[in-house]
Each structure stands twice: as structure tokens, then as C-alpha cells.
Amino acid sequence: MNHEAYEDALIRRILREVKTIALVGASANEARPSWIVTKYLLDRGYDVIPVNPSLAGQTLLGKTVYGSLKEIPVPVDMVEIFRNSEAAGPITDEALALSPLPKVIWMQLSVRNDAAAARAEAKGLTVIMNRCPKIEYGRLSGEIGWQGINSRIISNKKPQLAGKGFQKLSINRPGT
């Protein structure tokens, strides 16, 4: 797979199909990007399971924090790596030891480990590197435009709201 650029259709498919996300490197600090991404994805209906050995057993945004991927008692669809590129290798290997295997390994912005990606892809997993699911969801749904950022997506179709209450757009636009 070409990891320099990803098709919007691939990112959209992942964000539609994934339901349970293990977020490795979760933080209890509300100013940290991992906390912000955890909250955003939870608000969009994903079951985000925080993973951080120094917070294990605590609660973060109403979710129990686990010390490692193997401690999570349910299957996960995606492992999101909020650690550095070097740490992404061992975390990917830990994910590849899970049964059942996750469908996706997602490495956050500035995180890239081509060797780990090759190992995961050899086992049939989809790998996304140097991207943020929060940003991609916002871009594909059109929410990012509320902040004055060009999403590079032009559509004459009315955006679909994700639910009642606080305005959230869905990535499930008609015709996509």
C-alpha cells in the first residue's frame, strides 16, 4: 500500500466499519491531543478503550483504562497508536498477537513505522500512518469546515447530522 497518500474512500470505509478502538497512549490531561481525540471519537459513537500502563485501572471519560492491549476483554476493530514511531513497532506486534486480530492499525500524526506496517499488512490488516482519525472524520463529514479549514471535498449534497443535541455531522453523506 502507498502510505504517502490515502484515498478518501479507504478512510471513509474504515471510519464507517470500525466500532471499537483501542487508543494506546491515552492521557488523562484534557490539554493532550490523545484526550481530545478520545473524547471526540466517543462523542461520534465509537467505543474507545484507553490504553496506558500508568493509568491502568482508572477511569477516563467514563471508560476503564487498560495497561496493555492484551488486557482488553473484548475484541477491538482498530488499534490507534498515540506514541512515537519507535514505540509503534512493539505496539503493532502486541496488536498482532491479539485474537481475533484487529482490522486496522492507525498511527497518529507524525507516527510512521514502515517495518511495523509491513508486518501488519502481511497478516491482512489495513495500516494508516501519519493521520488523525479525528481530523479525517471532521474533514470527511464537513465539520472541519466549521473552523474555517478547507476539507478539499466539494458536494452539493446536504450534510447528514449524526444525532440529536450538539451539532455533529456524519461521514454518511448520501451518495458516498
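Predicted model: local features only at pLDDT ≥ 70, side-chain atom pairs only at ≥ 80, totals over all residues.
Residues are numbered from 1 along each chain as its sequence is written, and side-chain values use heavy atoms, with hydrogens and water left out.

Reader: Which residues of helix H2 are buried?
Author: Helices are DSSP runs of H or I with at least four residues, strands are runs of E with at least two, and both are numbered from the N terminus. Buried means under 20% relative accessible area with a 1.4 Å probe, protein chains only. In H2, which spans residues 33-43, the buried residues are Ser34, Trp35, Val37, Thr38, Tyr40 and Leu41.

Reader: What is the angle between the planes of Tyr40 and Tyr137?
Author: Rings of Phe, Tyr and Trp (its six-membered ring) pair if their centres lie within 6.5 Å, and planes over 60 degrees apart count as edge-to-face. Tyr40 lies in helix H2 and Tyr137 in helix H5, so their pair ties together parts that are 97 residues apart in sequence. The centres are 6.0 Å apart and the pair is edge-to-face, with an angle between the planes of 80°.

Reader: Which residue has its charged end over the ring of Tyr40, 3.9 Å from the centre?
Author: A charge sits over a ring if NZ of Lys or CZ of Arg is within 6 Å of the ring centre and within 35 degrees of the ring normal. Lys134 lies over the face of Tyr40 at 4.9 Å from the ring centre. The residue placed at 3.9 Å is Arg44.

Methods. Buried < 20%, exposed > 50% of the residue type's maximum accessible area, 1.4 Å probe, protein only. Phe/Tyr/Trp six-rings, centres within 6.5 Å; stacked < 30°, edge-to-face > 60°.
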